[in-house]
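Subject: Structure handover

Hi,

Here is the structure for you to look at. My notes on what I found follow below it.

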Amino acid sequence: MTFAVPDSVRPVREAVHAFMTERVEPAEPVLHRGGPEAAAVLGELREQAGKEGLWALGHPRELGGGGLPFLDYVYVNEVQGRSEYGQLALGTYTLQDSLMLHEHASPEQRERYLEPLVRGDISPSFAMTEPAVSSSDPIQLATTAVLDGTNG
């Protein structure tokens, strides 16, 4: 089975491919080293992506993203994934978290977390721990939640 890239997606996919091969991939040695130089290079890449309309392409427009439908974004994500830094440089590493917050966050949470997340000012994280389970395998989670009326 083959999946042809739709004509409507081809220009943005080609722009992302060029961005990845011409800018992100050549910067990988510096990015791998980390430190202040890597942070500066990543900042420059993010700024360039924004200026070129390539920032947060899969995020909804009302959040400051590109508004690509999910299936269209899949074709873009394929070339963005050429480098482990693609999602960071193009602002898409926050997509899943942003979509959940967009759907379920309170107005206060949106202002505090969602807007900075889409802008790339903060990063998402996930941590878990479980008594008597020394694993990061989420299928082993056994914690339950009970509504008691004390937290909203």
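First, a definition: helices (H or I, at least four residues) and strands (E, at least two) are DSSP runs, numbered from the N terminus. On that basis, the elements of the protein run α-α-α-α-α-α from the N terminus on. That makes six helices and zero strands.

Two notes on the source. This is a predicted model, in which local features need pLDDT of at least 70 and side-chain atom pairs count only at pLDDT 80 or more, while totals for chains, interfaces and linings use all residues. Residues are numbered from 1 along each chain as its sequence is written, and side-chain values use heavy atoms, with hydrogens and water left out.

Overall picture

The C-alpha atoms fill a box of roughly 55 × 40 × 35 Å, taken along the principal axes. The protein has 152 residues, and 34% of them count as buried. Buried means under 20% relative accessible area, exposed means over 50%, and partly exposed is in between (1.4 Å probe, protein chains only). The accessible surface comes to about 10,000 Å². Carbon and sulfur atoms hold 54% of that surface. Areas come from the Shrake-Rupley method with a 1.4 Å probe; for residues, only the protein chains shown count as cover.

Contact means heavy atoms within 4.5 Å. Among contacts with a separation of 6 or more, 58% join residues 24 or more positions apart.

On charge, there are 11 positive and 22 negative side chains. The centres of the two sets lie 6 Å apart. Lys and Arg count as positive, Asp and Glu as negative; His and the chain ends are not counted. Each charge is placed at NZ of Lys, CZ of Arg, CG of Asp or CD of Glu.

Salt bridges

The structure holds seven salt bridges. The criterion is a side-chain nitrogen of Lys or Arg within 4 Å of a carboxyl oxygen of Asp or Glu.

Arg23 is partly exposed at 27% relative accessibility. Glu52 is also partly exposed, at 41%.

Glu25 is in helix 1 and Arg82 in the loop between helix 3 and helix 4, so the pair ties together parts that are 57 residues apart in sequence. Both count as partly exposed: Glu25 has a relative accessible area of 21%, and Arg82 has 44%.

Glu47 is partly exposed at 48%. Lys51 is exposed at 67%.

Tyr85 and Gly86

Tyr85 sits in the loop between helix 3 and helix 4 (86-90). Tyr85 counts as buried because its relative accessible area is 11%. Leaving out residues up to four places away in sequence, Tyr85 touches Val24, Glu28, Leu31 and His32. Its C-alpha is 9.3 Å from that of Ala27, a residue 58 positions away along the chain.

Gly86 is in helix 4. Gly86 is buried, at 0% relative accessibility. Gly86 and Arg46 are 9.9 Å apart, C-alpha to C-alpha, and 40 residues apart in sequence.

One backbone point, one surface point

Ala56 has a positive phi of about 50° although it is not a glycine. Ala56 is in the loop between helix 2 and helix 3. Its relative accessible area is 0%, so Ala56 is buried.

Phe70, Leu71 and Val74 make a nonpolar surface patch of about 310 Å². Patches are made of residues with over 30% relative accessible area and no salt bridge; like charges are joined within 9 Å, nonpolar side chains (Val, Leu, Ile, Met, Phe, Trp, Tyr) within 5 Å. Phe70 belongs to helix 3 (residues 70-80). Phe70 counts as exposed because its relative accessibility is 58%.

Best wishes
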